[in-house]
Amino acid sequence: MSRFWSDVVKGLKPYVPGEQPRLANLVKLNTNENPYGPSPRALEAIRAATGESLKLYPDPNAEQLKLAIGRFHSIDAQNIFVGNGSDEVLAHIFLGLLKQARPILFPDITYSFYPVYCGLYQVDFETIALADDYSIRVGDYAKPNGGIIFPNPNAPTGCPLPLTDIERLLQSNPDSVVVIDEAYVDFGGASAIPLIAKYPNLLVVQTLSKSRSLAGLRVGFAVGHVDLIEALERVKNSFNSYPLDRLAIAGAVAAFDDRDYFDKTCQAVIASREKLVKELKALGFEVLPSVANFIFVRHPQHDAQESALALRRRSIIVRHFKLPRIDQFLRITVGTDEQCAALIAALKEILSS
Ligand SMILES: *Cc1c(COP(=O)(O)O)cnc(C)c1O
């Protein structure tokens with residue numbers, strides 16, 4: 001605390017990202033990165049964009065990227081907003097669409113950045129408890145609200161919500177913006193993007209950080225009715241006209257155009273997940289149903305935090321949240337089959353000692 005801080009800064013409770021230790025030979029299963037790396041075509045496009053042209057500002061509208069996303073999802077560029085990672089897109093959504101007279105609603109167990117944005121932009125919120133099986137019950141959101149937001153699949157549970165439930169939510173909240181954060185949808189979930197033509201109150205957010213393995217490039221986007229997109233453009237153009245640099249635009253376009261690599265790597269993650277789930281169940285873990293590139297597990301006889309520390313001593317890091325209702329769970333990113341095998345071998349040792 002310093003006397004130079006503004007009152008806003010004094011009151012902030014910033015998000016704490018998963019750690020990025022610089023240790024060699026670490027099996028890093030704590031921040032849901034994709035182990036297969038970016039498309040070689042994306043890397044080539046980034047290299048090709050590295051030159052004299054960097055003296056020029058990038059296209060403030062990233063039109064080429066909006067067109068590439070539009071080709072992939074069969075939607076118009078005018079229905080797309082792009083930003084410096086989906087975290088930035090979400091920030092603009094909180095200020096531009098979710099800051100309303102009534103409190104917004106999100107689950108009690110969800111992406112922990114949402115309450116942080118509420119603190120930053122002074123947005124009132126109310127949390128809605130997940131069911132005992134950790135699923136979202138859309139009926140619980142049928143109350144006056146200033147907007148609704150949650151990830152699908154939810155994080156850190158990995159549990160999917162069927163599109164029929166999302167449609168029910170949209171129909172019962174026609175005067176609220178409903179934001180579906182699809183950071184992990186490409187690992188087996190169903191995207192709500194096809195519903196935007198039918199529901200002007202739906203905004204879908206996606207990122208290239210997980211399924212396209214470009215967390216380091218910082219590209220995310222939102223899809224929705226032009227009126228919702230215009231709100232985000234107004235915020236963006238009052239904040240930073242050039243959120244995406246030339247390298248990010250070039251790499252992201254190429255990543256979207258390389259469908260084969262995308263399909264192949266997502267399928268590999270899904271196959272490893274299914275194998276890992278079976279092996280963990282065989283060790284006595286309870287595994288929540290996941291359609292993400294991570295799983296959320298607990299062991300009835302072993303304390304989660306102790307297990308996380310024991311894994312760490314064996315150079316394997318997973319994420320443990322010291323939070324009500326989930327402090328006995330570990331969130332484990334699905335790595336390569338080799339990384340998953342290392343995890344299983346270590347857990348066998350830990351559980352038998
Ligand atoms: C990873 C993640 C994001 C942020 O992704 P970036 O595009 O890297 O900023 C957003 N929402 C959820 C639920 C995530 O897990």
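Ring pairs join Tyr15, Phe94, Phe106, Tyr111, Phe113, Tyr114, Tyr117 and Phe125 into one cluster. Rings here are those of Phe, Tyr and Trp (its six-membered ring), and two of them pair if their centres lie within 6.5 Å; planes under 30 degrees apart count as stacked, over 60 as edge-to-face and the rest as tilted. Before we go on, note that this is a predicted model, where local features need pLDDT of at least 70, side-chain atom pairs count only at pLDDT 80 or more, and totals for chains, interfaces and linings use all residues. Residues are numbered from 1 along each chain as its sequence is written, and side-chain values use heavy atoms, with hydrogens and water left out.

Across the whole structure, a search turns up 17 aromatic pairs. Take Phe106 and Phe125: their ring centres are 4.9 Å apart and their planes sit at 20 degrees, so this pair is stacked. Phe106 belongs to strand β3 (residues 104-107) and Phe125 to strand β4 (residues 125-128), so the pair ties together parts that are 19 residues apart in sequence.

Now zoom out. The protein chain splits into domain 1 (22-37 + 260-352) and domain 2 (40-257), with bounds that come from an automatic or database domain assignment. Their C-alpha centres lie 26 Å apart. Where the domains touch, 25 residues from domain 1 and 26 residues from domain 2 take part, contact meaning heavy atoms within 4.5 Å.

On a 1 Å grid over the protein atoms alone, a cavity is a set of points where a 1.4 Å probe fits but cannot get out, while a pocket is an open set with protein on both sides within 12 Å along at least five of seven lines; lining residues have an atom within 4 Å of a point. Grid points are joined across faces, edges and corners, and a volume is the space filled by probe spheres set on the points.

The largest pocket holds about 1300 Å³ of space. Its lining counts 50 residues, and Tyr15, Val16, Tyr111, Ser112 and Arg319 lie nearest its centre. Helix α5 gives the largest share of that lining, five residues, and each domain gives at least three. The second largest pocket, about 280 Å³, has 13 lining residues, with Glu19, Arg312, Val318, Arg319 and His320 nearest its centre. Helix α10 (residues 304-313) contributes the most to this lining, four residues.

Terms used: Helix = DSSP H or I, 4+ residues; strand = E, 2+ residues; numbered from the N terminus.
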